Protein chains: 2
Amino acid sequence: MSPCLSSADPSVTGSGCALRRVLDAVGGKWKILLIVALSQTDELRYGELRKLVYGITNTMLASSLKELEADGLVMRTQYAEMPVRVEYSLTDRARTLVPILMELKDWGEKNL
Amino acid sequence: MSPCLSSADPSVTGSGCALRRVLDAVGGKWKILLIVALSQTDELRYGELRKLVYGITNTMLASSLKELEADGLVMRTQYAEMPVRVEYSLTDRARTLVPILMELKDWGEKNL
DNA sequence: CGCCATGGTCAGATTTTCCTTACCACGTCA
DNA sequence: TGACGTGGTAAGGAAAATCTGACCATGGCG
């Protein structure tokens, strides 16, 4: 919908476009929380994530993880054990986002 | 809904709680874009904002501004002129958020 | 065989968000 | 008088996001 002009465009239409892409990728109720949860260790299992992120449902956990993986922010590794063990971890790209999310969290603690 | 434990709580339930508050305050499709638009000058009129933030509707502009004001992020000033002139500006509190949003934008440009 | 745990999927309902269209109040200018 | 510009509001509905509850495949264990 947005024309997405050059990133040199000073208007919010253009420079906001990168922001709109960010919001598309990590917006919504759960994705940022998932990224922060995953940032606290190397990897987490599906069930651990579900316990850690208070209130998330099965459906949202599965679909959010799938979208984060599609956007190259999360990696899924399945181990051939029984019962199946699946570990989720952040990609390097996502790890560069984490400090910014922490600033956001700090800002929220001080200002909201 | 979230119990919002102490901010020392290492789980996402607790430490994520500040993040959830941030998401409540500036989440959604338009608020971050509005803050960035407002960060580019001292103040902007209603009509200027509508032109600047590509695609926003009257309803969303008015309701987003109202909520941002209620959260202490935006200030509304009405001048006794004819026709009525209303200027919107960021509060100091919101201005401390802007650098973080810029980092988010830069991250999006490099990583999405 | 029947039950357990893990890591999900699916359909349908509900809730939240957002959009569309129309309209309003004010004073001013012609 | 009536049209105009500014800064909105209101009702209704569409669309998107999220939730609910049921269910499934796998193999191991008793």
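I started with DNA strand D: among its atoms within 4 Å of the protein, 72% are part of sugar or phosphate, and the rest are part of bases. A note to myself: this is a predicted model, so local features need pLDDT of at least 70 and side-chain atom pairs count only at pLDDT 80 or more, while totals for chains, interfaces and linings use all residues. Residues are numbered from 1 along each chain as its sequence is written, chains are lettered from A and ligands numbered from 1 in the order in which they are written, and side-chain values use heavy atoms, with hydrogens and water left out.

**Entry 1: around strand D**

Which residues come closest to DNA strand D? I found 20 residues surrounding DNA strand D, with A:Lys29, A:Thr59, B:Lys66, B:Arg76 and B:Tyr88 as the closest. Here a residue is near a strand if one of its heavy atoms lies within 4 Å of it.

I then looked up polar contacts (pairs of N or O atoms within 3.5 Å; within protein, one must be able to donate a hydrogen and the other to accept it, and residues adjacent in sequence count only if both atoms are side-chain atoms). A:Thr59 has a polar side-chain atom 2.9 Å from a base oxygen of DNA strand D. B:Lys66 reaches a phosphate oxygen of DNA strand D instead, with a polar side-chain atom 2.3 Å away. For B:Val84, a backbone N or O atom lies 3.1 Å from a sugar or linking oxygen of DNA strand D.

Next I asked which elements supply this surface. Helices (H or I, at least four residues) and strands (E, at least two) are DSSP runs, numbered from the N terminus. At least two residues each come from helix H4 (58–70) of chain A and from helix H3 (46–52), helix H4 (58–70) and strand S3 (85–90) of chain B. H4(B) gives the most, with four residues. By class, I noted nine nonpolar, six polar and five charged residues near DNA strand D. For these classes, Ala, Val, Leu, Ile, Met, Phe, Trp, Tyr, Cys and Pro count as nonpolar, Asp, Glu, Lys and Arg as charged, and the others, Gly among them, as polar.

**Entry 2: around strand C**

I turned to DNA strand C, which has 20 residues around it; A:Lys66, A:Arg76, A:Tyr88, B:Lys29 and B:Thr59 come nearest. Of its atoms within 4 Å of the protein, 77% belong to sugar or phosphate and the rest to bases.

The side chain of A:Asn58 has an N or O atom 3.3 Å from a base nitrogen of DNA strand C. In B:Thr59, a side-chain N or O atom is 2.8 Å from a base oxygen of DNA strand C.

Which helix gives the most to the surface near DNA strand C? I found H4(A), with four residues. The surface near DNA strand C has nine nonpolar, six polar and five charged residues.

I looked at helix H6 (residues 98–111) of chain A and helix H6 (residues 98–111) of chain B, whose axes come within 10 Å and cross at roughly 160°. Axes are lines fitted to C-alpha atoms, for helices over the stretch in contact, and angles run from 0 to 180 degrees between N-to-C directions. H6(A) and H6(B) are therefore roughly antiparallel to each other. Angles under 35 degrees count as roughly parallel, over 145 as roughly antiparallel, 65 to 115 as roughly perpendicular and the rest as oblique.

In this contact (heavy atoms within 4.5 Å), A:Ile100, A:Glu103, A:Leu104 and A:Trp107 of H6(A) meet B:Ile100, B:Glu103, B:Leu104 and B:Trp107 of H6(B). I sorted them into six nonpolar, no polar and two charged residues.

**Entry 3: H2 in chain A**

The axes of helix H2 (residues 31–39) of chain A and H4(A) come within 10 Å and cross at roughly 75°. That makes H2(A) roughly perpendicular to H4(A). I found A:Lys31, A:Leu34 and A:Ile35 of H2(A) in contact with A:Leu61, A:Ser64, A:Glu67 and A:Leu68 of H4(A).

**Entry 4: cis peptide bonds**

Last, I checked two peptide bonds. A:Met82 and A:Pro83 are joined by a cis bond, with omega about 0°, and A:Pro83 sits in the loop between strand S2 (74–79) and strand S3 (85–90) of chain A. The bond from B:Met82 to B:Pro83 is cis, with omega near -5°.
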